[in-house]
Amino acid sequence: MKIKLPFLIILFFTLVSFQLHAQWQRQWTWGGALDPLQSTFKVTHYALDLKIDLENGVLDGSATLSLQKLAEVEILRLQLIDTYEVIKVVADQREYAFKHDGEYLDIEMEGAFPDKITIYYKGKTPVASNPPWVGGFTWEKDDNGNHWVGLSAQNEGGKLFMPCLDHPSNKPENGAEIKITVPKPYTVASNGKLLDTSASETDTTFHWSTDYPIMNYNINFTIGKFFLHEQEFFSSSGEEVSLQVYVLGENQDKAALLASVLENSIKTHENYFGSYPFPEDKVAVVETPYLGMEHQTINGYGNNFQFVRMGEVWYDWLLHHELGHEWFGNKLSVGDWADFWIHEGITTYGDWLFYDHHGGIEAYHEKVADTKRNILNEKPVAGKIATPADKAYHIDVYYKGAYIMHSLRHLLGEEVFFRMLKELASHPPFIYENQANTEEVIRFIQGYTEYPLQGFFQWYLYETELPEVRIKKMGKRGYEVSLPNIDFSLPVEIVTERGNEKVDLSAKPKLIESSSEPKVDPQDWYLFSKRP
Ligand SMILES: [Zn+2]
């Protein structure tokens, strides 16, 4: 297949990046056990008002946090990395005492608990050492010598750029407002809708806002001398959505094609995951000086327009992957990085479905086989409860996570699986202001079949060992087939001279009447450790 070689190259670089990532010194992470001082309140909205000094990499401004009290609060504990200096903390026209030590910003609460609190801060922005895997700010120049600034914080959290309750379980339910002032003629691309821009003689202020719940690491902005291509997209819901593509000036002639690649990817995702989740805002990509990230309604795109042909359409794996996160990651989010695979595994499965949809089922199976070679089985896909991002993030969260979805497709059957997938992406208890965890997702999927799935999930999500296939010749009677090391059963396809059949295999050997050795799971629907 034409796309195979470029894809292997991409996979190779992806792997190199993953391995490199381990060597980079990581300074910050987020998640893990929630600090008891942060269980007494939550943040429901962030409003940033920042001025960016592009020459010196300095940020100066304020963040106003809308707060909701859950219990008595004596210390309001936020996080903000200490490359920034906190100037003052103000609520209801009075200043609050605070201590900024390391990444903790502890504000002393006295009197009535404020609905909103404003933190004035400024300082040098942290430079990303290996974005987006080790995040921070990326200070780059485009080919014409203009500033080009990216921000990525998936593994570190919002404290790299704003004071916040930096825990994945606090997904601000009323969204965020991002007001950024930059010198002329630069543009700021950010989340949600552009409410307005205002200009002084030297600067422009871009005022973005979203009412949708949004995770801290998705609150984002990219600065550059951008060309904006805008068109309308009709979602499967019938809504008209603004589709926007921000590219560097030198790539202006590629913007229309990028927009059509984006539109095709949205339609493909809608086919499997349901209608686009953020129609009130926009669907957009911005060219970033790093590979990419699923920043809600403004996906980072740094894949250099490397489109490949698939069937009748153009495909950009990076663009498609980040866009898939609008459903799994942004609409349906996890509150604990132990469940990272729900973001990455299901989104990666969405990448494979592009092959199915546009390249055909053989292209899909080839893609699955290619990816399978990179599964390591060294760490469980699902982490222990309260795992921080740096401990939860590894390659099997992506590839083995996706393979689990692939196996479920076989287990549940086509019709049920695809119905389940679409309903998972729109299940009210899991989406927008709500969040999902692994056990809840397992229960949800179990609701679609009578076949007991506990053993399947226990092995594939929580263990690193894989079921083993054993075939034993039983004279003229045929062959005994078993999965000797497991304590559950799997419906497995077996091919003999009589044709295909689905057989429940377990540790108990099953006699398959056949004159030649039967082929067990010839299409590789499952990960098995040993195959004859
Ligand atoms: Zn991803």
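User: In which hand does α2 pass α3?
Analyst: The model is predicted. In it, helix α2 covers residues 255-273 and helix α3 covers residues 317-324. The crossing of α2 past α3 is right-handed.

User: Which residues make the contact of α2 with α3, and how many of them are nonpolar, polar and charged?
Analyst: From α2 come V261, L262, S265, I266 and H269. The α3 side supplies L319, H320, L323 and G324. Sorted by class, the contact has five nonpolar, four polar and no charged residues.

User: Are α2 and α3 parallel, perpendicular or oblique to each other?
Analyst: Their axes lie 10 Å apart, and the packing angle is about 45 degrees. Angles under 35 degrees count as roughly parallel, and 65 to 115 as roughly perpendicular. The two helices α2 and α3 are therefore oblique.

User: Is L257 buried, partly exposed or exposed?
Analyst: L257 sits in helix α2. Around L257 there are 15 other C-beta atoms within 10 Å. A buried residue needs 20 or more and an exposed one has 12 or fewer. L257 is therefore partly exposed.

User: What is the order of the five strands in the open sheet, and which strands stand at its edges?
Analyst: The sheet has mixed pairing and the order β16-β17-β18-β20-β19. Two of these strands have a single partner each, so one side of each is left without a neighbour in the sheet. The edge strands are β16 (226-234) and β19 (292-293).

User: Which residue of β18 stands opposite L243?
Analyst: Strand β17 (residues 240-248) runs parallel to strand β18 (residues 283-287), and four bridges join them. Opposite L243 stands V283.

User: How many residues lie between β25 and β26 in their hairpin?
Analyst: Strand β25 (residues 490-496) pairs with strand β26 (residues 499-505) in the antiparallel sense, over seven bridges. One of the bridge pairs is I494 with E501 of β26. Between the strands of the β25 and β26 hairpin there are two residues.

User: Which residue of β28 is the bridge partner of V495?
Analyst: β25 also runs antiparallel to strand β28 (residues 519-520), joined by two bridges. In β28, V495 is partnered by K519.

Conventions. Residues are numbered from 1 along each chain as its sequence is written. This is a predicted model: local features need pLDDT of at least 70, side-chain atom pairs count only at pLDDT 80 or more; totals for chains, interfaces and linings use all residues. Axes are lines fitted to C-alpha atoms, for helices over the stretch in contact, and angles run from 0 to 180 degrees between N-to-C directions. Angles under 35 degrees count as roughly parallel, over 145 as roughly antiparallel, 65 to 115 as roughly perpendicular and the rest as oblique. A crossing is left-handed if the near helix is turned anticlockwise from the far one by less than a right angle, and right-handed if clockwise. Two residues are in contact if their C-beta atoms, placed from the backbone, lie within 7 Å. Ala, Val, Leu, Ile, Met, Phe, Trp, Tyr, Cys and Pro count as nonpolar, Asp, Glu, Lys and Arg as charged, and the others, Gly among them, as polar. Two strands pair if DSSP finds at least two bridges between them.
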